[in-house]
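Reader: I am new to this structure and would like to learn how to read its features one at a time. Could you show me the chain and then take me through it?

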Amino acid sequence: MNEAGARVAVVVPAAGRGERLGGGVPKALRPLGGRPMLVHAVQALSAAELVSQIVVAAPPTLVEVVSRLLGPDVRVLPGGAERVDSVRGALRALDDDIRVVLVHDAARPLTPPSLVDAVARAVLGGHPAVIPVLPLADTVKEVDADGRVLRTPPRGGLRAVQTPQGFRREVLEAAYASQDGDQPAVTDDAGLVERLGVPVATIPGADEAFKVTRPADLMFAEALLARRPLAESGRSS
């Protein structure tokens, strides 16, 4: 690809309920350090040097609330019933001259801007699809429906996948155009791209880009945020 001046956008699907985290509000709006997780996530995206547009898919009944939280520079639209619906709708809302699209989880609020730029730079450098990954610390077992172990995959070839995941726009649009209800569900956008036979490259992820899914994750995020400098965390005295 390697287009000088190619514009980069980030799509943030944030319409999920996040029932495992609890709290009675959509997961993206759970407070972290006194502000919704989504605000932290978007702040990191805005701080990335290469990002020029951000589109957030919010819970349909909370679009105005989220718009006020994020400000006029972020486009907020109603999300869909499923994550794929939210991303598909956000893709249609991108500016026409966007050439690279990143998709980022709102539940990764502490992702460093440097990782966002690293993913975008890798796509701009020629890769059609790029994902940040980390080596696994735990042994992984494949089990059957009854919980019996089927096999133990070699850990050396396994990676934990993070976001943002980056794609050439036409690649991601083709992946979503080919998705239908008869196909097995995938848990990330790169999985859809893989079905097209498009190679997906990896770059090193970041420890701070972990996903807040359960209450213990939120406690860990609070602890990390408390150790950040005030200017970096966005808090005022």
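Author: Helix H4 covers residues 113–124, and its 12 residues reach 16 Å from the first C-alpha to the last, close to the 16 Å expected at 1.5 Å a residue. Helices (H or I, at least four residues) and strands (E, at least two) are DSSP runs, numbered from the N terminus, and the expected span of a helix is 1.5 Å times one less than its number of residues. The model is predicted, so local features need pLDDT of at least 70 and side-chain atom pairs count only at pLDDT 80 or more, while totals for chains, interfaces and linings use all residues. Residues are numbered from 1 along each chain as its sequence is written, and side-chain values use heavy atoms, with hydrogens and water left out.

Reader: Which residues of H4 are buried?

Author: Buried means under 20% relative accessible area, exposed over 50%, and partly exposed in between, with a 1.4 Å probe and protein chains only. In H4 the buried residues are Leu115, Val116, Asp117, Val119, Ala120, Ala122, Val123 and Leu124. Of the 237 residues of the chain, 45% count as buried, and the chain has 8 helices and 12 strands.

Reader: How should I read backbone angles, and which residue just after H4 takes a positive phi?

Author: Most residues other than glycine have a negative phi, and most peptide bonds are trans. Just after H4, Gly126 has a positive phi of about 135 degrees. The peptide bond from Thr163 to Pro164 is cis, with omega near 10 degrees, and Pro164 is found in the loop between strand E10 (159–161) and strand E11 (165–168).

Reader: How many salt bridges does a search of the whole structure find?

Author: Side chains of opposite charge can pair when their charged atoms come close. A salt bridge is a side-chain nitrogen of Lys or Arg within 4 Å of a carboxyl oxygen of Asp or Glu, and the search of the whole structure finds 10 of them. In one, Arg108 pairs with Asp105, with 3.0 Å between the closest N and O atoms, and both Arg108 and Asp105 are buried. Arg83, Asp105, Arg108 and Asp189 are linked in a network of salt bridges.

Reader: Are Asp146 and Arg148, which meet in a salt bridge, buried or exposed?

Author: Asp146 is exposed because its relative accessible area is 60%, and Arg148 counts as exposed at 52%; the salt bridge between their side chains has an N to O distance of 3.3 Å. Glu142 and Arg151 form another salt bridge, with their closest N and O atoms 2.7 Å apart. Glu142 counts as partly exposed at 34% relative accessibility, and Arg151 is partly exposed at 47%.

Reader: What separates the C-alpha atoms of Met37 and Arg108?

Author: Those C-alpha atoms are separated by 7.9 Å, although Met37 and Arg108 are 71 residues apart along the chain. Met37 lies in helix H1 (residues 37–47) and counts as buried because its relative accessibility is 0%.

Reader: Why is the aromatic pair of Phe210 and Phe220 tilted?

Author: Rings of Phe, Tyr and Trp (its six-membered ring) pair if their centres lie within 6.5 Å; planes under 30 degrees apart count as stacked, over 60 as edge-to-face and the rest as tilted. The structure holds 1 aromatic pair. The centres of the Phe210 and Phe220 rings are 5.1 Å apart and their planes are at 40 degrees, so the pair is tilted. Phe210 lies in the loop between strand E12 (201–204) and helix H7 (215–227) and Phe220 in helix H7, so the pair ties together parts that are 10 residues apart in sequence.
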